[in-house]
Each structure stands twice: as structure tokens, then as C-alpha cells.
Amino acid sequence: MQNDHRSDEAHVIQLPAPTAWPMILALGVSLILAGMVTHLVVGLLGLVLTVAGGLGWFFQVLPHEAHESVAVRTEEVQIVSRRTLSEREALAVTHRKILPVETFHITTGIKGGIAGGIAMTIPAALFSILRYHSIWYAMNLLAAGGFISWAGASDAFLSEFHLQGFLAALAIHGLTSLLVGLLYGAMLPMFPRYPILTAGFISPLLFTGILHSALNILSPILNQRIDWFWFVLSQIAFGLVCGFVVNLQVKVRTPQFQALPFAIRAGIHSDLTERTYDEARHSDERDSPK
Amino acid sequence: MSETAVIPHSPTEVWKLPSRGIVAMACLILAESAIFIIFVVAYVFYIGKSVSGPTPREVLELPIFSSICLLSSSLTVHFAVSALHDSKRGMCSLWLGLTVLLGGIFLAATAREWYQLIYHDGLTIKTNLFGTTYYSLVGLHATHVVVGLFMLSLALLFSLRGGLTSNHTERLEVLSLYWHFVDAVWIVVFLVVYVLGR
Amino acid sequence: MATQTPVTAILDKTPASPPRRLLFQVLHDWLTTLDHKKIGLMYIVYALIFLVIGGLEAVLMRIQLAIPNNHFVSPETFNRLFTMHGTTMVFFVGMPILFGFGNYLIPLMIGARDMAFPRLNAFSFWISAFGGTLLYFSYVGGSGLYGAGSAPDVGWFAYAPLTAHVFSPGHSTDYWTLAVLLSGVGTVGTAVNIVATTLCMRCPGMKLSRMPLLVWLYLITSFMVFVTISPLTAAQIMLMLDRYVGSHFFDTQAGGSAVLWMHFFWIFGHPEVYILVLPAFAFANEIIPVFSRKAIFGYPAMAAASVCIGFISLSVWAHHMFTVGMGPGANTFFTLSTMIISVPTGIKIFNWLATLWGGKIQFTTAMLFAIGFLFQFLIAGLTGIMLSVSPFNWQLSASYFVIAHFHYVLVGAILFMIFSAFYYWYPKITGRMLNERLGKWHFWLFLIGFHLTFDFMHIPGLLGMPRRVYTYEADRGWMMWNMIVSSGAIVQTAGTLLFVFNMVRSYFKGAIAGADPWDAWTLEWSTTSPPPEYNFAVTPSVASRRPLWDLKHPEDPDGNYE
């Protein structure tokens, strides 16, 4: 540290004057309560102290707050940090990790979820018609998880249309689709390489794997009658459509974008990662003051 | 680097912060509301659960006049603050006096009601659950009215002695906030005890 | 490469006033002080005294339970021990120590000279302190006239109808009620002060979005105090009316409801856990970034998650009451709301991990405790999710499993973070560093003791050992586990004694700290250690979340990234 330039300055800071009245008021209130468990006299003493403390406090604040002044001398200095910038390994343009510069807007995930959810019903309906000759079978099967009384229902029962089943299935399917859609919106920017593979195949297979082991607890009836082949098929339909819709949307810039060097923001350099080691090093030397 | 404070460059924009008195009163009101909510919940929970009489329908009468007095005192205290803001100190004293008077009428009416209940209808806090919850809820509110009246009387005293100037507007406003809160609580208590409870 | 450009700064040249020598003068200074730092210190010291008392009570209980059929203390004494231990630790250790740190740090962190209401601050401290004194006076005064028992013995949640006059004659329960009432008044006073200070006393440039996360979390904690401590105050007033005037709030004979007390108590009781843990999070938010040498990850998410926790915590209280029989609707609701609260908590844990990730971590004692906190809080949260499932809860409610779970939160998370805060801010408070070597010993001893005690405490719970049991038969299979648990308590005691020794020794012999020993970034490190009465000679002004970073690195100010 080096002091180049001195300018002494004295000024006064006002601080509240010390006072014991708040403590006396607190003691008074405590003694009043203590009087309830000990003796009336203690309570009376408390009352006296409370009144005294209240009055004392009052005259501390009104008509003017009691102050005491503290004189302070300050000095304006030019300082330079002892720290010197060490030559850093210029791995990137800035030494700070800049977290996603662009990402999807939150509504993107919702749109994807809705689209995927609709797409998923097609293989499910196909399965119902081919196997049980009723379009409602898959729907009722999904809804059955919510109704304990449906646990032992027959195939014929499940092939009919039930309004409550329809509503329950709509709620379960809709909510799950939305949530998974939001997850897609959040996760796809993290795997930019093969979005179709990630969204359409890897995620559905992983999800199916998790469900396969957990379905017995979540919905035993679904577990008994599920056809995993068709299930995977509808999952993939969801993943492909949802991923497609999400990727179709325009990305928005996060606040981190502001921190990027102008060249990148202006679009001269397309991406951070494309810059070479040398380039980054040059720019560092240029930016830092000698 | 030791002993250095952060660079005090002059802030370009005007740095404006809320008044601490009003913030503190808002916090206090929040805390007090929570207390009242618990007492109201207890009241509602015990409606009709008393194992012996008297019941609210038998003994309670709608305190219309005193409620109007209390609620209109909210207006008068507001006028007192605006009068002080415009440095009309005489008007401020007048409005403050009116507020204290209206609050006093309410308190007197409550006292009369309690007297009636205790000595004519034989309802005390020990009688039944209705007595327990009624006296504690209305009593809690009345305690707040007493505190408010005490503060307002102090303000009136200062105002009459000429000690209250437009510099004190903010303090009087904080006090009026408390008084508005007391009035608002009365609306809830009125609805719960005299409308819903009967 | 090059050094930095010089920046203008202000140097405080005020000569230090000579310290007072006479005991009476010193005492007068402390009794009449309105300085937020001194009041904060008094809070901390007072809490530490009660920590020692509450800890001793715990040790006595563990000795009693170490072997079967033990009669080390009498059953009546045992009841008083667990009641006083719980009440002391929650109301007279947890709250005051956290408010003490808050009092000390908040004005320093937002660049203010003092709290918004210095007199109210002193009043709040003293009334809490007298409340604690009143509680312990019951050991002497409780039996006075009636000969019916001394200290409160109704458990820290004092379920009705045990608190009725018939079952708790004499004044022991009244002592509990009044002491808690007094501490509640003090708590609400301090919370009002904290909110008013953070909203109205910030230095220029310190927008809400630039406040240190510690201040954010204290703000949320204070708001929670208003809506949780007040219901407790209301319930205590009802209990007092029942006991003194003869009303029937919790009197089942007259149609009153004992379950209503449970609801009222836990409406306070569960958010209270979050009131205690949020300041611990607050310490972690300051300490983890400094020793990872990185800015906190996800500042807005952290603030938002804390607000979420604040709100959700108000709707989970009845998970303490699954065994009461509330019906499937209420059970489902409280199971789900309890599970949902793990989402914002999870966000916080991930953000801390992301702050550590890629950082240049310095394993100081403060950081060690913070990392211990991170993992232990995770485990505590996981057993919490287990207990939130109502069928599981029916099996294990009021067993030692529950005790182990919440002590994992209170000790494993909160106490660890409090220790961490001591190691981090002790240099600021006293001007001297705590000894790191002793600190490491303290950490490892305490960590081992903690895991011995509270990991193994889960097992007797699973084997059916109920909480608050005075003693047990040898053939239950709990013997070995209780022995391990009790021996762990001894190791923890040893660790704590080492900590006390370290604090005392370092006060006189510790290395001089200087203003900024950790190379930290928040405003409190820009003033001298210990800070002068007026905190800052010139009111600072800030332009980012890490004002000292900006000062140290003018070429790369933080404001660009926010």
C-alpha cells in the first residue's frame, strides 16, 4: 500500500447517548410477571420500575433524541492493492465461468410438454384399439392408480368410458407432461450435441427404467397390465415431439450475456469455445492495465 | 488494505429508503394480527361447544352505536394527521380530541356491556367456553383500545400545549396506523362475535 | 502482469479512546450501552452461558440413560431436566445466539451506524435475559410456598391437560409460561428492529438485490418471527388465563380441547425450527463462498428459495400430530406440504455445492464446520422426509428416532454453523484470530462425538425406545446403543471445552487479525477489527453484491455479472 496524497478531514458522527432506561423497563416488566409466581410485593416493585423506565425512555426520545457526538478524523488516500495480477492460465476469455449465456424461455418447456403429451396419446390409443378394441383402455388404466376401488376391475370395465376416469387421467397425464416438459426446457441446453438422441431416446428410456422399478408402489394395477413395448413407444413419441418443439423455440439471453466481451455480443465471434488459447491470451494482455 | 473503507463515490441517483417508524408499525401490526388470529380461531372453534349456558343468542346484543363511534374515530384521526401536515395545529387538536372522545365512548359502551353480562346474565370468564373465548377476545381488543387511547391522549396533551408541529407528522401518522389497525380488528371481532357467533 | 490502478479510499485516523479500567465503569458501559455490537455480544455471551447449562442437562440425562435400571437422578429430576433442556436450548440459546450474530453483523453488512431503534434493541435483549433468569429462578423459587415441585416438568411443548392446575399444582408451569412469554416479547422486538434496519438503514447503493444473503435470510427469519412467535404468545396468554383466572380454553371437562393447544403450539413450533435454521443457512451463505474463493452460486435462487421456505414452513405444523388422529385429509395435506418443503431446501444445498464446485477451497476450521453442516443437514433432511410419511410416522413418532432426527438438524446443522460463524467472525469481533490448530482438534473431536451420539441414536428409536423415558429394562436390546450414544456425548463435551479454552486463550494470545484476515468481500471486513463505535468513519456506498471485491479488483467489478 502506498499513500500518495493526503487530505485530513475531521467531522462529527452522532450516536444515540447510552441510557439504562430500556433495561429498567425490561426489569420492571419481568418483575411484574415474576410477581405472579412469587409475591405481590415483587410485582409492585416491578410496576414502579416499569413506570419509571417508561417515563425515562420517553424523555430520552421526546422532544429530542438524546445524542452524543463522536469526533472522527478521516483521511483520503490513494491506495493500490498489494496484490498483483498473476499471469493466469488463459483458458477462456474471462477467468469467470459464465453460466448459460442463452437458455430457453420457461414457456418453451410448457409448450413442449403439451405437444408431447398430445403426441403420447396416439401410441397409447393405438395400443388400446389393437389390444382391447376400445380407445379408453389406456386412459382408464392410468386413472386406476387414483381409485383404490378400481384395483380389481375387469378388462371390460376398463374398456368403457368413465367420466371420473377421464378427468383423473387428464389430471395425471397433464401434470406429468407439463413437469417433464419443463424439465426438457431446462435440460436440453445442457446437452446441445445430440438433442434428438437425448430428448427422443435416452431420456424416455431412462424414465421408463425408473418407472419400471417404481411402478409397483405407485400404481399396482397399472403394473399388472402394462405393456412395456407400447409404453416405451409412447414415451419415445413424447420425447421426440417435446424435444422437437422445445428446440424449435428461440433462446433468450440470460443476464450473464451482458458480461461477455463486446466482440462476442456483436456476433463477430460466434461462440466462446471457438476462441483459441492465443487469442484469449492476447485479449487479456490488451485489457489489463499496465 | 487494512483500515480502508469502501470508495465513497457520490451516488448519482437519489437514495430513498422507507420510513423506519412506519415499517416498524407495519411489523408490529403483522405480529398483533397473528395474536388476534389465534384468538379468533379459538373463538370460532368453540362456537356452540359450551356445555352449559348462557349462549350468545340469549345474552349478546349488537353494539351498533359504539361500533359506529369506534369506526368513525378512524376518520377523525386521519383528519388530525392531515391537519398537522398542513400545519393547522388548532384543527389537529380538535380532531385528536374528537378521536379520544369517540374511543372513550366505545370503551364505556364495552364496560357497560360487560357489567350487564356479569351482573345480570351471570356470564363470567369461568362460566363456560363462550364466556372464556368472548371475554378474552373482546378483552384483548379492549386492551388495545386502552393503549391506543393512552397514546392519543398524550398526543392531544402535547398538541394542546403547542408542542406538536408539522415536524411530528410522521410520528402521528405511525400512531394513526395503529389506531386504524385497532378499528380494523374490531370489524373482524364484530363479525365473528356478534354476527357469526350468534 | 501489471498491478492495479490506484483507487481512492478513506482511512479512519481517529485515535482510539483509551479503554476504561475501573470495574464499575466497565459495568456501567455495558448496562447502558445502545451499541448494536455490544448488545449483540451480550446476546452471544448470554446464550453461551445457557448453552453450557443446557449442555450440562443433556449430559446428566445421557448419564442416566447410559445403562439400564439406572437411578443416577430421580424420575422427577429427569422430567425437569428434559423440560429445561428443551426450553433452554430453543428459547435461551438458539434464538439469542442467532439474534446476537444478527445484531452484530446486519448493520455492519449494510453499511449502517446502528440498528434502526437502538433503545428497543437494548430493551429486547434485557427482557429476554430476564426471561431466562426467571426460568432458572424456578429451581430456587418454584417450591417456595406450595412445596409442589420446583422447575417446570411438563416437557418443552407442555401439552394440555398436563398443564392444567390439577396436574401441575404450584407455580412450576407458570415459570415456564412467563419465561417463554418474556423471551417472546424480546424476540418480536428484535425482529421489528431487524426488519426496520434492513429496509430503512441501508447505505447508498445497497439495493435489496445487492444485500448480502445473510441479511436477506435474517429479514425472512424476522418476518417469520412475527407470524410464529405471536401465536405462541397468544397460546401462552390462554394458558395463563386457564391457570390464573379459571377459563376453559384447554379444559376438556368444560368442553375445551387439548388438541387445540397442540395446534397452537406447533403453529409456532415448526416454523421455529426454520427460524433457527435460516440464520445457520445465512452463515453458510457468507462462509462457503469466501473459502471457495467464488461468488455464491445462484444468488436470486437462494433468496427466492429462502422466501419459499418461509412460506411453506407455515403450512407443515401438523406433521408433529400424525398420531393424534386428524383423519386422512389432514394427514395427506401435511405429508405433502412437508415433502414439498424439501424442494427449496434442496435448491439451497445444490447451490452451496455449486459454489464449492471448481472453487479453490481453503480448509480453514470455519470451512470444515461449514462442510460438516452441508452433509449433516442433508442427512437430517432425509430422515425428515422419512418422518413426513404419515404411516412411517405412526410407528416412530415420539421415539428416539425423532429425537435423533431433530438433533441432527439442531446440532449437526445449526450448532455446526454457529461454531463455523465463531471461527469466521471472532477475528472481526475481538481483533484476534482463533487458534486454527486447536480449532481443527475441536472440529474433529466434535464431529466424532456428534456422529457417535446422533447416528446411533436412530437405532434405539427404531427398536422402539420412547422419548422422555426415565430408564429401561436390560433385556430390551437398547443397552449397547445407549452406551455408545452416551459416550459420544462425553466426546462432544470434550470438544466443546476445547472450543471454550480456545476462545479464552485466543482473546489474550491470538494472532492479531487485521481488518480483513480472510480476504472476504462484504462490508464488515472494510472497517477495523474490532469495529469502532460508529462502524464506518464515512458511510460507504456500494455498487455490487461484493463491495470489497470491487475495491480489490477494480478491473473486474462484480456489477458486470449481476
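1. A:His133 sits in the loop between α3 (106-132) and α4 (137-143) of chain A; helices (H or I, at least four residues) and strands (E, at least two) are DSSP runs, numbered from the N terminus. The phi of A:His133 is near 55 degrees, a positive value in a residue other than glycine. A:His133 is exposed, with 9 other C-beta atoms within 10 Å (exposed means 12 or fewer such atoms, buried 20 or more, partly exposed in between, with C-beta atoms placed from the backbone).

2. This is a predicted model, in which local features need pLDDT of at least 70, side-chain atom pairs count only at pLDDT 80 or more, and totals for chains, interfaces and linings use all residues. Residues are numbered from 1 along each chain as its sequence is written, while chains are lettered from A and ligands numbered from 1 in the order in which they are written.

3. C:Asp519 likewise has a phi near 55 degrees. C:Asp519 lies in the loop between α15 and α16 of chain C and is partly exposed, with 15 other C-beta atoms within 10 Å.

4. The loop between α15 and α16 of chain C also holds C:Pro530, and the peptide bond from C:Ser529 to C:Pro530 is cis, with omega near -10 degrees. Another cis peptide bond joins C:Ala160 and C:Pro161, with omega about 0 degrees.

5. The contact takes 53 residues from chain C and 36 residues from chain B; residues are in contact if their C-beta atoms, placed from the backbone, lie within 7 Å. On the chain C side, α6(C) gives the most, with nine residues.

Conventions. Two residues are in contact if their C-beta atoms, placed from the backbone, lie within 7 Å.
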